[in-house]
Amino acid sequence: MTRSADVLVCGASFAGLAVARELAGVGADVLVVDRYEIGERATSACAAPAPWLHVMGVEGAIRRELPAMTFTTPHGTVRYRLPWSWAAFDYRDLCRRLWAQCGAARFEVAKVDGREGGRVLTDRGPIAAPLVVDAMGWRRVLDEPHYQPPDAPLSRGLEVHPEADRAGDALDVWVERSLVRRGYGWRVPAGAEARIGVGSYDPHQHVRAPTDALAARVDAPAVRYQGNWFPHRLRAATDGEVLYVGDSAGHCFPLSGEGIRTAFYFGIAAGRELRAVLGATKTRERALADYAAFHDAHAPAFRRALRLQRLVPALPPRALTIALRALGAQPLVDRAFGWYLEQAHPRFAEGTQR
């Protein structure tokens, strides 16, 4: 038996919940499905610019605010004081706080397998909806052909979660070829734990051994592993029928691998277009076209970051160290990280539905 809804959101992590949150109060039947309960199965380092968590009303999930970053190469460490702070947060808590803002939206546990004949196929039966969002991550389940790692523009990351033995006020980054040839390592203080991991831009390079090595270097046990693939190239925002949001649209920012605030950002944009359709101020076709145009307008910034992703690992380590030190002057730090935040600025979320 085919069930139905006005809006079907596939995926209940950052992007999908941002879409559903934007639809609160529209009076439509919004159904969110995910293969896991809301807040289960975190797959990211769970750190995002703190201003985004505040504007989304989920600051209660923050476990540690980090106003600084350090960058370590084989030739030294530089420390930057940022013009804004990173926030390490609890994934389950944040997702549940977002869901609490989603109004009368319904949630069901269901594994989405694809679509056929205008219906979305799940292990709980088909679902029909005139408005469908794929926010299920890099697999882009509702599209063909599917990405198949490692032969796809994907990065891979893995981290461990030992108990923290010091507070720390910086998000630490290692750029060392001896650790990972094309990528970086990180340590994120997060309250009672630290999140220590390695990401590789080369999907063929395994990251278990580098992650273990980095944990050993900072005298932390390699426990509670968590990891996933993440995209580093934009994909089409719609196929004319489905809106793709978050990792399914390649919204993970290249170089940094950050995808949480972009999931919020593009999820809000998609939700606003759907609100317009439900409010009869736009046709479905117009809304999908406008969302695609909004997505495409950000392509130059993503391409610039992708060029940096290719350039940074290719720089001789001494040259990279010199460049990092030269950028350490506070006006340059403010300008660089101001540009970075501007690409998906939290002001965009102001006035969204709560």
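Predicted model: local features only at pLDDT ≥ 70, side-chain atom pairs only at ≥ 80, totals over all residues.

Colleague: What makes E1 and strand E10 (residues 127-128) a pair?

Modeller: Two bridges join E1 to E10, and the two strands run parallel. The rule asks for at least two bridges, so E1 and E10 count as paired. In general, strands of a sheet pair through backbone hydrogen bonds, either parallel or antiparallel.

Colleague: How many strands form the open sheet that contains E1, and which of them are called edge strands?

Modeller: Four strands form that sheet, in the order E1-E10-E9-E8, and the pairing is mixed. The edge strands are E1 (3-4) and E8 (112-116), as each pairs on one side only.

Colleague: How do you know in which sense E8 and strand E9 (residues 119-122) run?

Modeller: E8 and E9 are joined by four bridges and run antiparallel. Within this pair, Glu116 stands opposite Arg119 in E9. E8 and E9 form a hairpin with two residues between them, and Gly117 in the turn has a positive phi of about 60 degrees.

Colleague: What is the order of strands in the open sheet of five, and why are E7 and strand E17 (242-244) said to stand at its edges?

Modeller: The order is E7-E3-E2-E11-E17, and the pairing is parallel. E7 and E17 each have a single partner strand, so one side of each is left without a neighbour in the sheet. Neighbouring strands of this sheet are turned by 20 degrees against each other on average, direction ignored.

Colleague: What makes the contact between Arg3 and Glu108 a salt bridge?

Modeller: The nitrogen-to-oxygen distance between their side chains is 2.1 Å. The rule requires a side-chain nitrogen of Lys or Arg within 4 Å of a carboxyl oxygen of Asp or Glu, so the pair of Arg3 and Glu108 qualifies. This pair links distant parts of the chain: Arg3 belongs to strand E1 and Glu108 to strand E7 (residues 106-109), 105 residues apart. By the rule, the count comes to 25 salt bridges.

Colleague: Why are helix H1 (residues 14-22) and helix H3 (residues 91-99) called roughly parallel?

Modeller: Two packed helices are described by the angle between their axes and the distance between the axes. The axes of H1 and H3 come within 9 Å and cross at roughly 20 degrees. Angles under 35 degrees count as roughly parallel, and H1 and H3 are therefore given that term. Their crossing is left-handed. The residues in contact are Phe14, Leu17 and Arg21 of H1, with Tyr91, Leu94, Cys95, Leu98 and Trp99 of H3. By class, these are seven nonpolar, no polar and one charged residues.

Colleague: Which term, roughly parallel or roughly antiparallel, applies to H5 and helix H6 (residues 284-296), and why?

Modeller: H5 and H6 pack at an angle of about 160 degrees, with their axes 9 Å apart. Angles over 145 degrees count as roughly antiparallel, which means that H5 is roughly antiparallel to H6. H5 passes H6 in a right-handed crossing. The contact of H5 with H6 divides into eight nonpolar, one polar and three charged residues. Helix H5 (residues 260-278) also lies across strand E2 (7-10), strand E11 (131-134) and E17, running at about 175 degrees to E11.

Colleague: What is the omega of the peptide bond joining Glu144 and Pro145, and what is this bond called?

Modeller: Omega is about -5 degrees, and the bond is cis. The peptide bond from Pro149 to Pro150 is cis too, with omega near 5 degrees. Pro145 is in the loop between E11 and strand E12 (154-160), and Pro150 lies in the loop between E11 and E12.

Colleague: What makes Arg224 worth a remark?

Modeller: Arg224 has a positive phi of about 55 degrees although it is not a glycine. Most residues other than glycine have a negative phi, and most peptide bonds are trans. Arg224 is found in the loop between helix H4 (208-217) and strand E16 (226-231).

Conventions: Residues numbered from 1 in each chain as written. Heavy atoms only, no water. Axes fitted to C-alpha atoms, helices over the stretch in contact; angles between N-to-C directions. Parallel < 35°, antiparallel > 145°, perpendicular 65-115°, else oblique. Left-handed = near helix turned anticlockwise from the far one by under 90°. Contact = heavy atoms within 4.5 Å. Nonpolar A, V, L, I, M, F, W, Y, C, P; charged D, E, K, R; others polar.
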